[in-house]
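Student: Please take me through the site around the ligand. What surrounds it, and what touches it?

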Amino acid sequence: MTAFKQFRVEPDQKFRLKDRDPADTAGFKSKKEANAKERQAEGIERLRELQERLYAYDRWALLLIFQAMDAAGKDSTIEHVMSGVNPQGCQVYSFKQPSAEELDHDYLWRTNRCLPERGRIGVFNRSYYEEVLVVRVHKGILAAEKLPVELVDADIWKQRFKDINAFERYLAQNGTALVKFFLHVSKEEQRRRFLARLDEPQKNWKFSLSDVKEREHWEEYMAVYEDMLARTSTEHAPWYVIPADHKWFMRMAVADIVVSTLEKLKPEYPTITEEKRRELEAARKALEQEEAKA
Ligand code: ATP
Ligand code: MG
């Protein structure tokens with residue numbers, strides 16, 4: 001497996017979103033040439049094994065964060081990549097507009113209650129990063145957050161980046177490994193996918209007029225994404241910009257990166273102590289004797 005390192009946003013390096021091509025397939029000409037199906041199946045199997053070890057090891061948790069424009073394929077990528085994992089070892093949370101109760105707290109409050117336990121993989125479908133994305137594009141949302149006025153000034157985004165970095169560092173230092181994915185779809189591919197939602201009756205339910213209206217803010221979104229990616233990609237919580245125009249490639253790349261992240265954690269099955277070994281031996285004897293008696 002190659003962990004698609006070229007998609008990482010390197011900390012403290014100049015970063016331009018325009019340099020990343022949403023249609024990139026890392027040199028593979030087609031799904032077939034990339035053996036995408038087989039690789040994906042292999043990746044999913046490997047992920048299943050690693051997740052079992054992670055669970056048995058019970059030291060690390062893994063948090064995967066997904067951010068994207070609408071129709072980039074967050075839901076289906078999460079579904080595919082996690083498809084082999086024991087559901088008891090994985091928790092997926094989707095973050096929508098905050099409720100009235102959530103707005104009565106700081107913005108990390110709702111996140112804290114959804115963090116994965118040791119041994120588990122947590123997936124955030126959107127996250128506290130919305131606080132430096134949609135909230136930055138639509139100023140009215142910030143106004144509704146009920147922050148004391150003296151705390152809202154031009155520095156607020158810088159402050160949020162700083163706080164998020166500190167929060168993620170804290171998590172990492174307490175045994176939650178983090179990986180963040182921006183599924184990078186082009187405006188044209190999004191248009192095609194919205195049209196498909198109109199054309200195909202089974203996809204109609206996914207269509208939302210407000211998603212189409214949000215396209216008017218495309219350039220603003222790209223600018224805030226770029227700033228966020230540049231300022232919050234760190235050694236302990238890196239961002240990966242995954243080209244999302246080809247779904248087969250996106251899924252393969254995400255699976256690959258999740259696998260290599262888990263491998264780095266080196267989850268091990270607990271070693272059996274001498275005492276435990278004796279206990280197992282005694283249990284075996286008792287069971288075998290039962291059979292002999294029958
Ligand atoms: P899908 O459309 O595939 O069901 P989705 O993630 O787009 O999934 P929606 O219910 O359509 O879900 O949208 C959720 C909306 O909530 C998004 O527009 C997102 O920007 C918004 N949102 C999420 N977190 C916040 C936040 N902290 N403040 C304001 N808006 C937020
Ligand atoms: Mg939506």
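Tutor: The shell around ligand 1 divides into five nonpolar, one polar and eight charged residues. Here Ala, Val, Leu, Ile, Met, Phe, Trp, Tyr, Cys and Pro count as nonpolar, Asp, Glu, Lys and Arg as charged, and the others, Gly among them, as polar. This is a predicted model: local features need pLDDT of at least 70, side-chain atom pairs count only at pLDDT 80 or more, and totals for chains, interfaces and linings use all residues. Residues are numbered from 1 along each chain as its sequence is written, chains are lettered from A and ligands numbered from 1 in the order in which they are written, and side-chain values use heavy atoms, with hydrogens and water left out.

In total, 14 residues surround ligand 1, each with a heavy atom within 4 Å of it. The closest are Asp-70, Lys-96, Arg-126, Glu-130 and Glu-131. Two helices, H2 (74-81) and H5 (134-137), each supply at least two residues of this shell. Helices are DSSP runs of H or I, at least four residues, numbered from the N terminus.

Now the polar contacts (pairs of N or O atoms within 3.5 Å). Arg-126 places a polar side-chain atom 2.5 Å from an oxygen atom of ligand 1. The side chain of Lys-74 has an N or O atom 3.2 Å from an oxygen atom of the ligand. For Arg-110, a side-chain N or O atom lies 3.2 Å from a nitrogen atom of ligand 1. Taken alone, ligand 1 exposes 630 Å², and the protein buries 74% of that. These areas come from the Shrake-Rupley method with a 1.4 Å probe.

Ligand 1 sits in the largest pocket. That is, more than half of its atoms lie within 2 Å of the pocket's grid points. A pocket is an open set of points on a 1 Å grid over the protein atoms alone, where a 1.4 Å probe fits, with protein on both sides within 12 Å along at least five of seven lines.

Note on methods. A polar contact is a pair of N or O atoms within 3.5 Å; within protein, one must be able to donate a hydrogen and the other to accept it, and residues adjacent in sequence count only if both atoms are side-chain atoms. On a 1 Å grid over the protein atoms alone, a cavity is a set of points where a 1.4 Å probe fits but cannot get out, and a pocket is an open set with protein on both sides within 12 Å along at least five of seven lines; lining residues have an atom within 4 Å of a point.
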